[in-house]
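Open the structure in your viewer and keep the selection panel at hand. This tour goes stop by stop.

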Amino acid sequence: DKWAVIVANGYESANDKAVLFIIDVETGEIIRMLDTEVGDSGTPNGLSTPTPVDEDGDSIVDSIYAGDLQGNMWKIDVSATNSNSWGFAFTQGNIPKPLFIAKDDNDVVQPITSKPQVGVHPDNGLMVYFGTGKYFAVNDQIVGNSPQVQTFYGIHDVGAEVASRSNLQEQTILHEETLSAFDLDIRITSDTTVDYTSQSGWFMDLESPVNSAEGERVVSSPLLRGGRVIFTTLIPESDPCGWGGSSWLMEIDAVSGRRLDSSPFDINKDGDFDIDDLIAFADLDGDGNIDDDEKQLKISGIRVHDVGIIKTPGVVSTGNDTEMKYVSGSSGNLEAV
């Protein structure tokens, strides 16, 4: 029966651990300090911004999700009325265990520095959405010749740990091209279904089919709106006189990670979402032929030129199933999408 502040310890702490604090908002007393026990001077860790969730609709927080620099997505159970009973949702003996550990195809951990988003799965349980990557430390802006591929995840939480990305359905970025007439780049992603009887969610590697791995990452919180997950990415640039980089604005189906059944972007800005906003005749499989499933493809992401790096957009509903996304970029420009 109290209000509390829920805060992560952040990065570069004295003990290099990832820790969550729950603080009495009136007195400042620490109600509970929950240490993941992961991290040391050799593998420094830190907890990112947490997301509290009310699972049963009684306006009281039941679970808290947060990621860390070692790729762990933690779930903390605070549903008990006695705070002494609060603790990590998954343990092995007395050792805390995460819901999921984000790792790339080479089994290397991917840091989580953005706040996760949590929604309800239509069948059962919850969906936890987050991207990987970091952009706050010295040299994070340097991509190099072989940058680690970062990933966006949708993890199905049904009260059990998800072992690895092999338990998830892969979605991919299939096609990119520049639409010079509209001063933007577009992306088309896959539309593979997810079999939730055997799979525990989905993932999408942030790897360009044109430029391969280019240091793309997620460092801001995603949004959930109308069954869609909306997130932005960041690609650093090497030019010291530039805007620091560029960003993609992605919009896909939340539960499956598939591209949407209708275009989420009014590409030609005529006020209608119709066939003129689709990309036709994209040879996705490279066989030299345009197959039926390669015609009139829906766009999953856009990169607006001259805006630079963007973060989570502000969204305003304008009626008639239309909304505007406002993004401010590192170039100093503001763009309405």
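Two strands pair if DSSP finds at least two bridges between them. Strands (E, at least two residues) and helices (H or I, at least four) are DSSP runs, numbered from the N terminus. This is a predicted model: local features need pLDDT of at least 70, side-chain atom pairs count only at pLDDT 80 or more, and totals for chains, interfaces and linings use all residues. Residues are numbered from 1 along each chain as its sequence is written, and side-chain values use heavy atoms, with hydrogens and water left out.

**Stop 1: strand β23**

Select residues 301-304, strand β23. Pick I302. In β23, I302 is the bridge partner of L249. I302 is also the bridge partner of I186. Now show the strands that carry those partners. Strand β22 (residues 249-253) pairs with β23 in the antiparallel sense over two bridges. Strand β16 (residues 184-189) also pairs antiparallel with β23, over four bridges.

Are the faces of β23 covered or open? Both are covered: G301 and R303 on one side, and I302 and V304 on the other, are all buried. Buried means under 20% relative accessible area, exposed over 50%, and partly exposed in between (1.4 Å probe, protein chains only).

**Stop 2: the β1-β2-β3 sheet**

Select β1, β2 and β3. These three strands form an open sheet in that order, with antiparallel pairing. The edge strands are β1 (4-8) and β3 (30-35), each pairing on one side only. Neighbouring strands of this sheet are turned by 10 degrees against each other on average, direction ignored. Here axes are lines fitted to C-alpha atoms, for helices over the stretch in contact, and angles run from 0 to 180 degrees between N-to-C directions.

Zoom in on β1 and β2 (residues 19-24): they pair over five bridges. In β2, D24 is the bridge partner of A4.

**Stop 3**

Select N15, in the loop between β1 and β2. N15 counts as exposed, because its relative accessibility is 58%. Leaving out residues up to four places away in sequence, N15 touches G39 and D40; contact means heavy atoms within 4.5 Å.

Next, N72, in strand β6 (residues 72-77). N72 is buried, with a relative accessible area of 5%. Beyond its neighbours within four places in sequence, N72 is in contact with V38, A66, G67, P98, F100, I101 and I112.

**Stop 4: the pockets**

On a 1 Å grid over the protein atoms alone, a pocket is an open set of points with protein on both sides within 12 Å along at least five of seven lines; a cavity is a set where a 1.4 Å probe fits but cannot get out, and lining residues have an atom within 4 Å of a point. Grid points are joined across faces, edges and corners, and a volume is the space filled by probe spheres set on the points.

Select D1, K2, I60, V61 and W86. Of the 19 residues lining the largest pocket, these lie nearest its centre. The space there is about 740 Å³.

Move to the second largest pocket, of about 640 Å³. Its lining has 31 residues, with P264, F265, D266, F273 and V337 closest to the centre. β23, β25 (322-328) and β26 (334-336) each give two or more residues to this lining. The largest share, four residues, comes from β25.
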